[in-house]
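Here's a quick briefing to read alongside the structure. Have a look at the picture, then work through the points below.

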Amino acid sequence: MPNRPTDQWVNPLRDERDKRLPRIAGPCSLVIFGVTGDLARRKLMPAVYDLANRGLLPPGFALVGFARRDWDHEDFGQVVHDAVREHARTPFREDVWERLSEGFRFVRGTFDDDAAFDRLRDTLLEPDKERGTGGNHAFYFSIPPDAFPVVCEQLSRSGLADQTEDTWRRVVIEKPFGHDLESAKELNTVVNKVFPENSVFRIDHYLGKETVQNILALRFANQLFDPVWSSHYVDHVQITMAEDIGLGGRAGYYDGIGAARDVIQNHLIQLMALVAMEEPISFEPHELQTEKIKVLSATRNILPLDENTARGQYEAGWQGSEKVPGLLDETGFAHDSTTETFAALALEVDSRRWAGVPFYLRTGKRLGRRVTEIALVFKRAPHLPFDQTMTEELSQNALVIRVQPDEGITLRFGSKVPGSSMEVRDVNMDFSYGQAFTESSPEAYERLILDVLLGVPSLFPVNAEVELSWQILDPVLEHWAASGKPDGYEAGTWGPQSAEDMMARHGRAWRRP
Ligand SMILES: NC(=O)c1ccc[n+]([C@@H]2O[C@H](COP(=O)([O-])OP(=O)(O)OC[C@H]3O[C@@H](n4cnc5c(N)ncnc54)[C@H](OP(=O)(O)O)[C@@H]3O)[C@@H](O)[C@H]2O)c1
């Protein structure tokens, strides 16, 4: 038997820092393009304040807004103030606000205005000198995707994209990352012409959610689940993102895009990759990306597509006690719009672990409830030594990761009903974040913006992941484009009949979360 070392070997290259300690961003400026928009107001500005409140921003920090409004620095400060008061997660503290707001700057301009970008360059020099932001700049594109090329070009022309050995320049882009594989490749080419891939941070805010990161903890920090995490025990996986809201006021963004491009291409395929991937060697960004890329490369649509996909468009109905209109009556949608508001597909992963296990992905608007969950539904026990009547109310075991709301995990299994008979019925064992931990979870945007400023890309999909997910979705979108109108479904229900039929063909049924 080999001798066991008595002293622990100390790797001189290992980072000895306690990883539980919060990491604070280094000196830098965050420039937000599209600072008057909905995303900036509801998510980005509040997240910046919350980070400052948690002490995670450096003293040398500046927030620079770029927009076409006729504002000065003070007007901009007031807009940030209102957004923070309305949407921040943490309490408002005057001292934090004062310190943060000293670093606010505003630049007025449109994207095709060379002089505005030259002014932006000059404006960024001020906090570099006065606040020591060190020439490090993150550019957040909270703007329509068709403006990405011109802003990239302007940043390049004005020299703002140039990094040196001592300074960094990063760009943050929001979905949609193209509308099909070809446009995604074009977009990647445009962005990568100006910013190298390791300076590009694509936001999929789902990856910033605590519950989504907990998929990695659940799978790779426990011995309990790994043995059953495969086709030996799992019958199928259902990934659902359901919303009860409609699309009133969002026609400009949504008409012609639809549920599959809006949600499946990014959030749901990313969730699937985290559930299906193999264990990474470490949580270093490239190790995680390698495993996600491997699993996405092995993912296929189950064919034929007309039997294994479903799409729908909501019609008038009741959402609780409220009567709501159908999509075609929502303001801004074309009266003959074929945009789907519900999409479902069946995927399989060609690997030893997952052969024969369908992954069902579905999303929709105006569904019965707002819920996002991942359910691993297990095979039935091969033999039940009970009288058949005793197990009539026993369904398949399931492990359900509740992504939102009511974040947590549920394990469903059979238990004996109290009494003299041996009746077995489903029960749930529940872990809830709210009860298990006293800390509240940071907002996804807090986590992601901090990671951008720290330069940690683990939670941001790289272009290979984006292109692979379009490769999966493109054939489905082409099939739908050639098949006319989506099926109708009544608002407040769980989608069109065709989605139920799709599952019935597989001898399965959608969960009703
Ligand atoms: N809202 C969300 O929850 C959400 C979620 C995921 C992804 N996204 C993505 O995030 C981005 C921003 O979304 P949003 O909802 O905030 O959009 P939005 O409300 O329409 O805001 C767009 C912003 O871009 C500015 N803009 C547009 N064209 C411009 C131009 N030529 N020159 C200067 N500024 C211009 C607008 O300025 P004006 O005010 O002057 O028009 C506005 O500030 C989009 O890419 C969207 O797809 C949004």
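This is a predicted model: local features need pLDDT of at least 70, side-chain atom pairs count only at pLDDT 80 or more; totals for chains, interfaces and linings use all residues.

Residues are numbered from 1 along each chain as its sequence is written, and side-chain values use heavy atoms, with hydrogens and water left out.

- Contact (heavy atoms within 4.5 Å) links 20 residues of domain 1 with twelve residues of domain 2.
- About 1400 Å² is buried between the domains, with carbon and sulfur atoms giving 68% of that; buried area is the accessible area (1.4 Å probe) that two parts lose on being put together, summed over both.
- On the domain 1 side, L51, R89 and R170 supply 34% of the area buried against domain 2, more than any other three residues.
- Three salt bridges turn up across this interface; the term means a side-chain nitrogen of Lys or Arg within 4 Å of a carboxyl oxygen of Asp or Glu.

**Salt bridges**

- A search of the whole structure gives 31 salt bridges.
- E446 pairs up with R54, and their closest N and O atoms are 2.8 Å apart.
- R108 and D70 meet at 3.6 Å, N to O. R108 sits in strand β3 (residues 104–108) and D70 in the loop between β2 (61–67) and α2 (73–87), so this pair ties together parts that are 38 residues apart in sequence. Helices (H or I, at least four residues) and strands (E, at least two) are DSSP runs, numbered from the N terminus.
- D95 and R99 form a salt bridge at 3.9 Å, N to O. Both lie in helix α3 (residues 94–101), four residues apart, which is about one turn of the helix.
- R157 bridges to D114, with the closest N and O atoms 3.7 Å apart. The pair ties together parts 43 residues apart in sequence, because R157 is in helix α5 (residues 148–157) and D114 in helix α4 (residues 114–130).
- R157 and D114 also belong to a network of salt bridges that links them with D118, R121 and D122.

**A nonpolar surface patch**

- L384, F386 and M422 make up a nonpolar patch on the surface, with about 240 Å² of accessible area together. For such a patch, residues need over 30% relative accessible area and no salt bridge; nonpolar side chains (Val, Leu, Ile, Met, Phe, Trp, Tyr) are joined within 5 Å, like charges within 9 Å.
- F386 itself is in the loop between β14 (371–378) and β15 (398–404).

**S498**

- You'll find S498 in helix α15 (residues 497–505), where it counts as partly exposed at 21% relative accessibility.
- Leaving out residues up to four places away in sequence, S498 touches A310, R311 and D487.

Definitions and conventions
Accessible areas come from the Shrake-Rupley method with a 1.4 Å probe; for residues, only the protein chains shown count as cover. Buried means under 20% relative accessible area, exposed over 50%, partly exposed in between (1.4 Å probe, protein chains only).
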